Amino acid sequence: MKKQSNLSRLMGYAGNHRFFTYSSWILSALSAFIALVPFWYIWKILQEVIDTAPDFGAAQNLTHNGWMAVLFAVVAVIVYIAALMCSHMAAFRVASNIRSSAMRHIVKLPLGFAENFGSGKLRKIVNESSAATETYLAHQLPDKAGAIATPLGLLALLLIFDWRLGLLSLVPVAMGFGIMMCMTGSNMQKKMAEYQNALDDMSNEAVEYVRGIPVVKTFGQTVFSFKKFKGSIDRYGTWVIAYTKQLRGPMMFYTAAINSVFAFLIAAGIGFTQGGVTGEFLLNLLFYIIITPVISVTLTKIMFQSENAMIVDDAMQRIDSVLNLRPLSEPADPKLPRDGAVDLQDVCYSYDGEKNAVDHVSIHVDAGQTVALVGPSGGGKTTLANLIARFFDPQSGRVLIGGVDVREIRKNQLMDTVSFVFQNSRLMKASILENVRMGRPDATRDEILEALRAAQCMDIVEKLPLGVDTVVGTKGVYLSGGEQQRIAIARAMLKNAPVILLDEATAFADPDNEAKVQQAFSALSKGKTVIMIAHRLSTVVDADRIYVLAGGRIVESGTCGELTKKGGLFSRMWDDYRTSVQWKVAQEA
């Protein structure tokens, strides 16, 4: 099957606006032809000056020809502006449709996709890759039509007056074109991809670095503490310097070639006037000296258009890297979970295809039971929670809720069945009311207020200038991490799902907030199946069962009392935890 060209794909996004694109090409080419007409009048001015010299007063048509040259120059500009207006109308529609198409596809992808893909890289693809197509359609394509029309018109002008000078003028053009092809060939396409990869890497690491600035400021670290970010900057700098040095020679020869037309014309003038100078030859020579700079400008435009075409090709490939990702399958015969019981049956999952983050894990949680997942960092706790919520599917094994494989539950039904409160819960830039209403869009104001009260949030609401209608993130209104967690809990309470996932939900809470968060958890958990992930072991002592994970496997399970008596990993973690909570900051006497 023949691959569809980038232009055809872009026109598919344009819809009926593609006719504006076609019109822009025609108008741009027409503008290029009109822009050559003033040179004709300049030639007529030179002819009259030479014919009437030294009695220049006898020149009767200088003013007329001058104004005609100005008139056609203005008309060329007006037509070109019309071309750009048409191209921009289509380009904006295309960029908007690409972004909409990408975002519609992204919302269908598993929730774990953004984390694995990288938020900085994803933002760059959605925003900057679509912007690259906008620049291409709005400017490069109309300019390309003009750049094609200009040489055709120039070729006619160069050969009409003196074909010998015209052919000599084309020699440096051919040289420059040959050098340009060497610079913009397949190797350049590869280099462009490497350049965009380096930018993506740096953009992604920059986002992660900015998110970690509070840690940097707290511990007085520098950028060198973020090795991945600094490494991406160093790699980008090394690549750019090497690439610039590689193109330095070809670019120097290209610039020399396209600007050497004068040398050829001067040499020709010396050679062709050995037997004497005629007025006609002098007229043509002057005309060629005036018009040949247009050649270098046109060639430079073509060179940059070739580069921009490669940028667009790379941008489309990056957009495809998102659009080609497959959404999680929807069941042909959907089923409803009978209750909130959760089963993981011999589940395996790997992020890189090599080492399993979850390795043959089997867990059963009865409906209404509270279980805790504890263990060292990197043990697979969060991955298990993500698999239960179907942020992604396991590579082997099954995840069941209410006796039904999560792959056989419709996505909307699964989202109604599972609520999650994570350690980095974020609020939208909207009112407290709307942030909580996201849990159940059809909820009434009274129901939202009741959820806020149950989640111990009324002290937050009362201190805000507009209460629940206060917009978070504007006019200095910001909430602490613990306060954001309580709002997120209110959202989960309003949703009233039978299964609740809590991933380090008290990680950012101060002691006062933690006490209120724990009260909110107690209210949230009544009659629900709760799976909590925690490093603060004091939060899991009342759990019906505790699973200890290490290296992606369950190494221990039981109640808190049972596990502390075993003398295993949990017992050691418990001893370390009790020791740490007794630490006090020493004060100088």
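**A helix pair and an open sheet**

Let's start with two helices: α1 (residues 6–14) and α3 (residues 62–106) pack with their axes 8 Å apart and at an angle of about 85°. Axes here are lines fitted to C-alpha atoms, for helices over the stretch in contact, and angles run from 0 to 180 degrees between N-to-C directions. The two helices, α1 and α3, are therefore roughly perpendicular to each other (a label for angles of 65 to 115 degrees). Helices (H or I, at least four residues) and strands (E, at least two) are DSSP runs, numbered from the N terminus.

This is a predicted model, in which local features need pLDDT of at least 70, side-chain atom pairs count only at pLDDT 80 or more, and totals for chains, interfaces and linings use all residues. Residues are numbered from 1 along each chain as its sequence is written, and side-chain values use heavy atoms, leaving out hydrogens and water.

Where do α1 and α3 meet? From α1 come L10, Y13 and A14, and from α3 come R93, V94, N97, I98 and S101, in contact meaning heavy atoms within 4.5 Å.

Now for the sheet. Six strands form an open sheet with mixed pairing, in the order β6-β7-β8-β3-β9-β10; two strands pair if DSSP finds at least two bridges between them. β6 (418–422) and β10 (553–558) stand at the edges with a single partner strand each, so one side of each is left without a neighbour in the sheet. From one strand to the next, the twist averages 15°.

Strand β9 (residues 545–550) runs antiparallel to β10, joined by five bridges, and V548 stands opposite E556 in β10. Helix α13 (residues 381–388) packs on the sheet, touching β3 (370–374), β6, β7 (499–503), β8 (529–533) and β9.

How values were computed. Angles under 35 degrees count as roughly parallel, over 145 as roughly antiparallel, 65 to 115 as roughly perpendicular and the rest as oblique.
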